[in-house]
Amino acid sequence: MSELIVREALGERRFTATDFPIAVGGQGSAIVMAGRPEGAEAYLGLHEDQLFVQPADGAEVLHNGVPVQGSTWLRSGDVINFGAARLRLLAQRDAQRIVEVDDGSSGNITAPPIIEPSTRLQGGEGDAERIDPLQFRPSGPTKAAPKLSLDLKKIVVGIAAVLVAVVLWFIFTATSVSVRTDPAEAKVAIEGTLPAVHFGGRVLLRPGDYSIKATQEGYAPAQLQAKVSNESNQTFALKLQKLPGRVNFDVPSQARITVDGKELGDAPGEFTLAPGKHTVGITAARYQPFSGELTVVGEGKSQTFTPQLVPAWAEVTVSSEPAGAKVLVDGEERGVTPLTTQILAGNHPVELRMDGFKSWTTDVQVKANEPLNLGPVRLGLPDGRLALRSEPAGASVSVGGVYRGQTPVQLELRPDISHNVVLTLPGYEASTREVSLTAGENRTLSVPLTGVFGEVTLAVQPADAQVFIDGKPAGAANQKLRLVSTTHEIEIRKTGFVTYKTSITPRPGVSQKIETTLLTPEQTKLAATPANIRSKADLSLKLMPMGSFTMGSPRREPGRRANEAQRDVQFKRPFYMGVSEVTNGQFRKFKSEHRSGIIGQHTLDLDNQPVVGVTWQDAALFCNWLSQQDGLPPAYQDKNGRMVAVQPLTTGYRLPTDAEWEWVARYEGGGKFRRYPWGDSLPVTPRSGNYADVTARLIVQDVIPDYDDGFAASAPTGKFPANTLGLLDIGGNVAEWVHDYYTVSPDSGGVAVDPTGPADGKQHVIRGSSWRQSSVTDLRLSARDFGDSQRNDVGFRVARYAE
């Protein structure tokens, strides 16, 4: 034995052969036991590389619970007790012996039972050789230890032989298995009935049940229950899952975080995420939405994600002359000029206000992250105010060629310059005034208008009938009337006869004639048919005159299209025609969510504007709904998802036929028919209808030069004079869907009586010009268009048979 290792509470001490014997006991001993009397109680000796213990005179020492009377050999696992203290000889390794000391200071040692010496087998194994007592002195020389009678080498060889046999038995009866881990560097622990022997990259195990556990820093432990058999090449695999990682989202402002489409929470902040790639979405006020990819390391590690958020705003610099003007963005005051302010991307109204100057407003289109300079804006002096009246009232007013309303009207005019103010009223001469106002001036101006007259000849039967103009008696019916060139309501009355009513617009230099025969008593049934009806949905319709005409246009007519072939048409079945085009407000009673939209900066969606953006199918469905309101049979039915006409046509509401529309649009009376909504020749008569005029040049390509109807897009219905039959906007404002399927050349064989068009087709006829049109071809009342989809300048009016 090369050394003795003594393990105590305060550490280890090492003794060599020259240090023996070693005193054990109270104060003054080499190994001190707590609570023992001063001096040695026993000695540890060494003889031929073998430890033994010898008690001091009168000392009570127990060896494995038996009182020690003399020298006693010590083996691995032996315990020597000194009252509450004890020594334990641990396993002997090579040339080392290890003694573990419990000095008794813990006070928690169970004293061993005392075994009488007589009960111990005398001359037992290990005690065959007697050990002679030695006289130890603390500082004296060591005396020779007693000689052992047993051959220790034989014992060691025997034990070694047993161990070798056990090992060989284990090797030849164990199974070699492979344990693989992912990651490969994970630590593996195997628990079972017998211990595992690691041999190279494999493990030797006796057949049986084992628990295999793999651990690795940054991974969750993996464990499996393995059953080892006698089969060779058994493999057990364990895959460890990475622990989640902690990700700190570093964003410039409060933001909402989504990961892989699921909402995570608010940032800035730290979140725990599974390892691997993730799709990150970030929404933050005043920043554009962010989407990107994040790879989480995992293994319990922390990392920071700093996305580059793009601002959803831009810096807008506003300056003015003079400076100091208040700046309002979306109605919110931001400061005074010069000013640099942040404005979110999009369209925003910006206004400058300053006392003593005219306010200035514009719309600014801000692009995200693109700085914008606005100005310097030169603020103008305040406008002058002109209160303009006319006699009669209702005249249209334009200033510098721009429509400004109808009299009476309040006008704001730029100061210190001359303004050309023009007043126009159908039936009256245009009146012009040059007006110049100073800054802030208020002025009132009244302008008398001079009438323009036209002649209308009445030819009435019976001859003694009386005529009423705009509800006032005007004498015998058969006379020549001189009327102001505006629309008048004409009534021919005679007791016992049905009153004849019509509308007419006299035109200077154009002789017009009204011919009619009042109904006789024999025509009572027809007389009972009202001239005007109103639906429950508040649509007004007029009974149209019967008669015949040649539909289409002559080949040599300027602007004629190939689809305007002439044919003779006769009307025998009385029908009503809508006075005006169906408005947005009326259509929304049927379909509340409908919106006609806008064009440029001009709305098409006011309640009193004609409805547009509707298909022929939408118009047919509206007619059926209208019939249902009034308790009339529907004029259309659903056939395989398409609305088709009921045959024969009922008295329910429907769209006008192609022939009916042209008949009422061109009708002049007395066998005469118009070419254009205003007459038979160009140029376009002022205020005759809503066409593509000079105010529409920003939204349409071609306009009528020098024509201003006051509306860039569609106008409210009824803003222009009615035609001869009292129909409004029959030419202009919006084009109109009609009942017929479209064909290039309608059947022209013989006289067509109440024609309703082809029996089938893919597209429907569109009639009349609109606010988008300005060409001679389109403005003619015989022009025919067609389509199968909605347009922002196509609406419709309704019609129905009287019987």
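Among contacts in the protein between residues at least 6 apart in sequence, what percentage join residues at least 24 apart? The share is 54%, where a contact means heavy atoms within 4.5 Å.

The model is a predicted one, in which local features need pLDDT of at least 70 and side-chain atom pairs count only at pLDDT 80 or more, whereas totals for chains, interfaces and linings use all residues. Residues are numbered from 1 along each chain as its sequence is written, and side-chain values use heavy atoms, with hydrogens and water left out.

Seen as a whole, the C-alpha trace spans about 175 × 70 × 45 Å along its principal axes. The radius of gyration of the protein is 58 Å, while a compact globule of 803 residues would have one near 28 Å; this radius is taken over C-alpha atoms, and the globule rule is 2.2 Å times the number of residues to the power 0.38. The secondary structure consists of six helices and 66 strands, these being DSSP runs numbered from the N terminus (helices are H or I, at least four residues; strands are E, at least two). Of the 803 residues, 44% count as buried, a term that stands for under 20% relative accessible area, with exposed being over 50% and partly exposed lying in between (1.4 Å probe, protein chains only).

A pair of strands shows how such elements are arranged. Strand β22 (residues 245–249) and β25 pair in the antiparallel sense over five bridges, pairing being assigned if DSSP finds at least two bridges between two strands. Within this pair, glycine 245 stands opposite leucine 273 in β25. Strand β25 (residues 269–273) has a covered face made of Gly269, Phe271 and Leu273, and an uncovered face made of Glu270 and Thr272. In a regular strand the side chains alternate between the two faces of the sheet.

Strand β52 is joined by five bridges to β53 (residues 567–571), the two running antiparallel, and the bridge partner of glycine 547 in β53 is phenylalanine 571.

The loop between β52 and β53 holds glutamate 557, which counts as buried at 11% relative accessibility. Not counting residues up to four places away in sequence, glutamate 557 touches Arg675, Arg780 and Ser782. Isoleucine 504 is 53 residues from glutamate 557 in sequence, and the two are 26 Å apart in space, C-alpha to C-alpha.

Threonine 529 also belongs to a loop, the one between α2 (524–527) and β50 (532–534), and threonine 529 is buried, with a relative accessible area of 15%. Leaving out residues up to four places away in sequence, threonine 529 touches Leu543, Tyr576 and Ala802.

Leucine 89, by comparison, is found in a strand, β11 (residues 85–89), and counts as buried at 4% relative accessibility. Its contacts, apart from neighbours within four places in sequence, include Leu51, Leu74, Arg97 and Val99. Valine 101 is 12 residues from leucine 89 in sequence, and their C-alpha atoms are 9.0 Å apart in space.
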